[in-house]
Amino acid sequence: MSVERVAETAVSIKLLTPGLQDREAIEAAIQLGNGARATLGHMPFSAYRDAAAKGTLLLAYAGNTPVGYALYALARRRVRLSHLCVDPTRQGKGIARLLVEHISEHHHDHLGIAARCRRDYRLGEMWIRLGFAQRGERPGRGSTGEPLIDWWRDHDHPNLLSADADTVLVRAAIDMNILRDLTEANRTNADESSALLAPHLVGLLEIVRTAALNTEIDRMDSDLRTRCTERAQSFPAVRSDPAARMRITGELQQHTRPLDPGNPKDTQDLLDLQHVAEAIAADLNVLVTNDQELTRIYGGVAERYGLRIMRPADVVIHIDELAHAESYRPASLLDTGYVERRLRSGENKSVESLRNHVSKERPRELQSTLNSLAVSGAQRLGIYQPTGELVAAYATTVSSGGLRVPLLRVANQPLADTLARQLLFRLRQSARDAGLPMIQISDPHLSPQARLAAVGDGFVEAAGTLYGYAIASVGSATEVEQAAITAARVAGLPEPVPLRSRMPAVAAAELERIWWPIKIVDSELPTYLIPIQQPFSTQLLGVPASIFPRRDALGISREHVYYRSPGGTRPQAPARLLWYMSKGGHTTQQPAAIIACSQLDEVVAAPSDELYDRFQHLGVWDRSTVHHAARNGITQALRFTNTEIFPRPVARRTFRRLALEHGGPATAPQQPTRIPAALFAALYQEGRAQ
């Protein structure tokens, strides 16, 4: 296959449109047509005169010698090209291109140029070089019934199917293996490639067809050619400057020769080179392929030209990156050195540390899972430790009224168990924010740490899936029970046991833990308002945020400890805690407000050193501060979990108003202060209001 060239002699060609009176010019066109009757077919002489009368006969002259012509008609906003003829001694000089370009330029108000040609003439490459693409084929009318190929050169007018240039993020060319995936449902990568046509990508991704793809279609000889032609109809054709393609082709060969000195060694290698060169010359963002060899040879050099060669799954992720760029920027995880962001395209290799060796998961299985999740539109998130390594990843989708988690992995590292518990809590928060009452963990190779955390969080297994409630209900036992029954029915699970009002604190606390974020307000579970100074609130709860990160182990833990003097009210566990942050501090100045809700699991009173040694990793006070809070050498620690930061802190004025409406103390607490259930419900709902 030779590289397309436009010969210099083409510049000396002049084009003329004869009128009906220009008999000599019309006769010259007829003689050229008679000489090419074997491929052009018979055309009545009157047709040439009619075309001249309508201004649709175009002649090419080299000096005074006619060397080619185009005979066409204008109908229904289309140009119908009947003859395109060049003197055999002048072919390959760019004359046909000049004729076609002239017609396009002077009739650009029409939708495009249509032509028809017998397949056995083997002129497909010529039509493709002239900017035409296959539109279909039909049986010929001759004795042999040889198929006729319909060719179309589009004038790029917008229509109802045209992509909006203001919203398109990626314009991508595809090669033949992708086109076949989109045509043949039984191919290995058909599902992955079909994701390129997903509804959520409409308007963001524009798939186009280049001359290289048209060439591959034209070279097919089976009935698959017809099906691929039809499939390609929905993709607009793109054209590029021949001189630019020739220059880029040479540069690509120069850069890739060290990788493979023998490349290109066959027709397929030449087509691969053509795919890349044409995508670059057409200013496309992406070339989509499953061909690993093409990617290996051209991937690096193509990026120098702004073209990324990608698998379909990576294209889906890449578009999501562009559409939600903010989500891919590292965000501090709970104000620690850990960061959370979406998994980027091309990042699959870094997840090897998350492969489940216990379940004998193979590397290819994990890669396949990640690709499938990407093309399905699942949200894939990674957790990175301060040194940059990926230490956890999870994916979520919405399915059957629940939050489905098809991937939940934690790398085997020192904080793996702590991180797994934190991820379970984040999943509960995600379900709550999405209004989904059930979490379904369906990862067949779930990390052992994540499985242990899920079971400890009250998840139950059915048919290989772990189910956990996440019921966002603040109400009576009857109301909570009804919400749980509804969630169970949707998930196809057995209904939970009946609940009753005035249930014991221990039973209510356990339900509020394993069905979090429910709040059963007619139970015996008490609620305490806990005062905390703003500097300690920053360190312990992360509110208000500081420019300095919290300790990693403290920040990602679901469990924390609050030290206090053992005097005054002694809270009884289990209970709920509402955190009242006082105004001001040494480094921050935030208004006083109720900022969060936690679950109190244990109250421990012990000698200061013993208490500090036991809980130092969960609290923010140093040893001397713990000693300072002691009475007779004894300090108290409140061990709490599942802290929920309010999106809207309850200001002091609002707190007073609600306290007057629902009963309870209206003054800022100086020590743990018990409040009525009605006041707790009002404060909690106020803090959760968006």
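Let me start with Glu216, whose side chain makes a polar contact with the side chain of His275 at 2.7 Å, where a polar contact is a pair of N or O atoms within 3.5 Å, one able to donate a hydrogen and the other to accept it within protein, and where residues adjacent in sequence count only if both atoms are side-chain atoms. What you see here is a predicted model, in which local features need pLDDT of at least 70 and side-chain atom pairs count only at pLDDT 80 or more, while totals for chains, interfaces and linings use all residues. Residues are numbered from 1 along each chain as its sequence is written, and side-chain values use heavy atoms, with hydrogens and water left out.

Glu216 is found in helix 8, residues 211-218; helices here are DSSP runs of H or I with at least four residues, strands are runs of E with at least two, and both are numbered from the N terminus. Glu216 is buried and yet has no salt bridge, the nearest side chain of opposite charge being that of Arg219, 7.9 Å away. Buried means under 20% relative accessible area, exposed means over 50%, and partly exposed lies in between, with a 1.4 Å probe and protein chains only. A salt bridge is a side-chain nitrogen of Lys or Arg within 4 Å of a carboxyl oxygen of Asp or Glu, and for charge, Lys and Arg count as positive and Asp and Glu as negative, with His and the chain ends not counted.

How many salt bridges does a search of the whole structure find? The search finds 40. One of them joins Arg311 to Glu192, with the closest N and O atoms 2.6 Å apart, and this pair links distant parts of the chain, since Arg311 sits in the loop between strand 11 (308-310) and helix 13 (312-323) while Glu192 is in helix 7 (residues 190-194), 119 residues apart. Arg311 is partly exposed, with a relative accessible area of 25%, whereas Glu192 is buried at 10%.

Arg296 forms a salt bridge with Glu293, the closest N and O atoms being 2.7 Å apart, and because these residues are three apart in helix 12 (residues 292-304), they are separated by about one helical turn. Arg296 counts as partly exposed at 42% relative accessibility, and Glu293 is partly exposed at 38%.

Let me turn to the cavities. A search of the whole structure finds three cavities of 30 Å³ or more, a cavity being a set of points, on a 1 Å grid over the protein atoms alone, where a 1.4 Å probe fits but cannot get out, and lining residues being those with an atom within 4 Å of a point. Grid points are joined across faces, edges and corners, and a volume is the space filled by probe spheres set on the points.

The largest cavity holds about 50 Å³ of space, and its lining includes Arg119, Glu137, Asp218 and Arg225. Which element supplies the largest share of that lining? Strand 6 does, with three residues.

The second largest cavity holds about 40 Å³, and among the residues that line this second cavity are Ile30, Arg37, Phe45 and His83. Helix 1 (23-35) and helix 3 (45-54) are the elements that give two or more residues to the lining of the second largest cavity, and the largest share, three residues, comes from helix 1.

Notes:
1 Å grid on protein atoms, 1.4 Å probe; cavity = no way out; pocket = protein on both sides within 12 Å on 5 of 7 lines; lining within 4 Å.
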